[in-house]
Amino acid sequence: ADDELVQIICKCAEDEGALDAFVAILTGPGGPKPQQCLARVPEEMPLCLLWGTEDTITPDDGPVGQMFQALPEARPNTQYVKLPANHCPFDDAPEASNRALIAWLDTLPGGK
């Protein structure tokens with residue numbers, strides 16, 4: 001899966017204007033912080049957080065990871081799932097991600 005992802009990214013890098021796009025992404029504003037995004041999600045909306053245990057970008061023992069790990073205790077209908085993956089569990093561990101999502105969906109009203 002990693003080789004395929006690298007090929008996809010490399011293919012995009014060959015497009016005209018790719019350098020300008022990459023520079024804009026890396027040097028542009030970082031966008032909203034996770035806490036700001038979370039504040040926009042209604043508390044009654046079920047939430048499943050899939051977190052890669054090998055994530056070096058947002059490690060689960062860092063401040064953001066710790067905030068999201070504690071979220072199920074503070075927010076109803078929230079589940080935090082650790083998966084053997086990096087920053088993008090759905091790319092690194094698609095089968096485990098799908099199993100976790102299906103198990104979570106089955107817990108919701110109307111599930112299973």
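Which element gives the most to the nonpolar patch, and with how many residues?

Analyst: The model is a predicted one. Helix H2 gives the most to the nonpolar patch, with three residues. The patch covers about 510 Å² of surface and is made by Leu5, Ile9, Phe22, Ile25 and Leu26. Two elements, helix H1 (2-13) and helix H2 (18-27), each give two or more residues to the patch.

The charged pairs come next. A search of the whole structure finds two salt bridges. One of them joins Lys11 and Glu14, with the closest N and O atoms 3.8 Å apart. A salt bridge here requires the side-chain nitrogen and the carboxyl oxygen to be within 4 Å, so the 3.8 Å of Lys11 and Glu14 meets that cut-off. Both residues of this pair, Lys11 and Glu14, are exposed.

The other salt bridge is formed by the side chains of Asp60 and Lys82, at 3.1 Å from N to O. This pair links distant parts of the chain: Asp60 is in the loop between S1 and H4, Lys82 is in strand S2 (residues 78-83), and 22 residues separate them. The side chains of Asp60 and Lys82 are also joined by a polar contact of 3.1 Å. In general, side chains of opposite charge can pair when their charged atoms come close.

The two partners fall into separate accessibility classes. Asp60 has 14% relative accessibility and therefore counts as buried, the limit for that class being under 20%. Lys82, at 44% relative accessibility, counts as partly exposed.

With neighbours within four places in sequence left aside, Asp60 is in contact with Trp51, Gly65, Gln66, Gln69, Tyr80 and Lys82.

To return to the part asked about, the nonpolar patch draws two or more residues from each of H1 and H2, and H2 gives the most.

Notes: Residues are numbered from 1 along each chain as its sequence is written. This is a predicted model: local features need pLDDT of at least 70, side-chain atom pairs count only at pLDDT 80 or more; totals for chains, interfaces and linings use all residues. Side-chain values use heavy atoms; hydrogens and water are left out. Patches are made of residues with over 30% relative accessible area and no salt bridge: like charges are joined within 9 Å, nonpolar side chains (Val, Leu, Ile, Met, Phe, Trp, Tyr) within 5 Å. Accessible areas come from the Shrake-Rupley method with a 1.4 Å probe; for residues, only the protein chains shown count as cover. Helices (H or I, at least four residues) and strands (E, at least two) are DSSP runs, numbered from the N terminus. Buried means under 20% relative accessible area, exposed over 50%, partly exposed in between (1.4 Å probe, protein chains only). A polar contact is a pair of N or O atoms within 3.5 Å; within protein, one must be able to donate a hydrogen and the other to accept it, and residues adjacent in sequence count only if both atoms are side-chain atoms. Contact means heavy atoms within 4.5 Å.
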